[in-house]
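Dear colleague,

I am handing over the structure below, together with some notes on what was found in it. Please read them with the coordinates open beside you.

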Amino acid sequence: MTAYKSGDPTTLNRLYGRAKGKPLRAGQQNLVNDLLPRIAVPDEGPVTAARLFGQDCPLHFEIGFGGGEHMASRADMLPDHGFIGAEPFLNGVAQALLHVSGDNGAHPPIGNVRIHHGDALEVLARIPDESLSFLYLLHPDPWPKARHAKRRMMNDGPVNMFAAKLKPGGEFRFGTDHAVYLRHALMVMQRHRHQFDWLCEKPGDFQVRPSGWPETRYENKARTVYGHEVWYFRYRRK
């Protein structure tokens, strides 16, 4: 079965997929040049709430935030919490910076977000164990071919890391619109029942977006343009 192929993102030690798309517009490039250095996760050392935000606070981490809609919305919703997002795609980082900066004056700047342009697992490894209140993995690349299954973030190595970094009672949220990835992820999480409780009592719990789970542009496109069903999973760290 694909979940048992050798290797996973914690052992492959490389990123796959695009790092950059179309050229950035002048305003986007200015945000990358000026704002990103001010809110970037430090390149070395422990990644803690006190270090990033100057105080102890509930800490959230989003792996591959895409355009940053979910991260910015959650951060705006919970101003006393700290949010860390990691994304290797430069154009996505630029879009997230626009949201954080206030969307050209549409709302005040969001001050409780820190961004890493690069590998999420490198930052996650530097977060002390049992530090995160929430961890998000929303619509990751499904790598649908069996020979690429080891590239999927939903594999044993990353899930063990998620469990280590979440506080007892902390929540892991996973979303996908890809049926192959859905089956793979459920199979992986079955093997981690000693670490996580699936917060599900009925089908509607994973077929309907829970409250406090903002819709992303990618999710909306998956549903409205491609006609995909979308699934939402919440797991509590034991």
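This is a predicted model: local features need pLDDT of at least 70, side-chain atom pairs count only at pLDDT 80 or more; totals for chains, interfaces and linings use all residues.

Residues are numbered from 1 along each chain as its sequence is written, and side-chain values use heavy atoms, with hydrogens and water left out.

An unreviewed UniProt entry lists Glu 62, Glu 87, Asp 119 and Asp 141 under "binding site"; such annotations may be inferred rather than shown by experiment, and the positions are given in the numbering used here, with feature names shortened. These four residues are spread over 80 residues of sequence, yet they cluster in space, the largest C-alpha distance being 14.2 Å. Glu 62, Glu 87, Asp 119 and Asp 141 also belong to the lining of the largest pocket (on a 1 Å grid over the protein atoms alone, an open set of points where a 1.4 Å probe fits, with protein on both sides within 12 Å along at least five of seven lines; lining residues have an atom within 4 Å of a point).

Asp 119 sits in the loop between β3 (113–116) and α6 (120–125) (helices, H or I, of at least four residues and strands, E, of at least two are DSSP runs, numbered from the N terminus). With a relative accessible area of 27%, Asp 119 is partly exposed (buried is under 20%, exposed over 50%, partly exposed in between, with a 1.4 Å probe and protein chains only), and its side chain reaches the backbone nitrogen of Leu 121 at 3.0 Å. Asp 141 is found in the loop between β4 (132–138) and α7 (156–165); it is likewise partly exposed, at 43%, and its side chain reaches the backbone nitrogen of Trp 143 at 3.0 Å.

Finally, a search of the whole structure finds zero disulfides (pairs of cysteine sulfur atoms within 2.5 Å). Cys 57 counts as buried at 9% relative accessibility, whereas Cys 200 is partly exposed at 24%.

With best regards

Definitions and conventions: A polar contact is a pair of N or O atoms within 3.5 Å; within protein, one must be able to donate a hydrogen and the other to accept it, and residues adjacent in sequence count only if both atoms are side-chain atoms.
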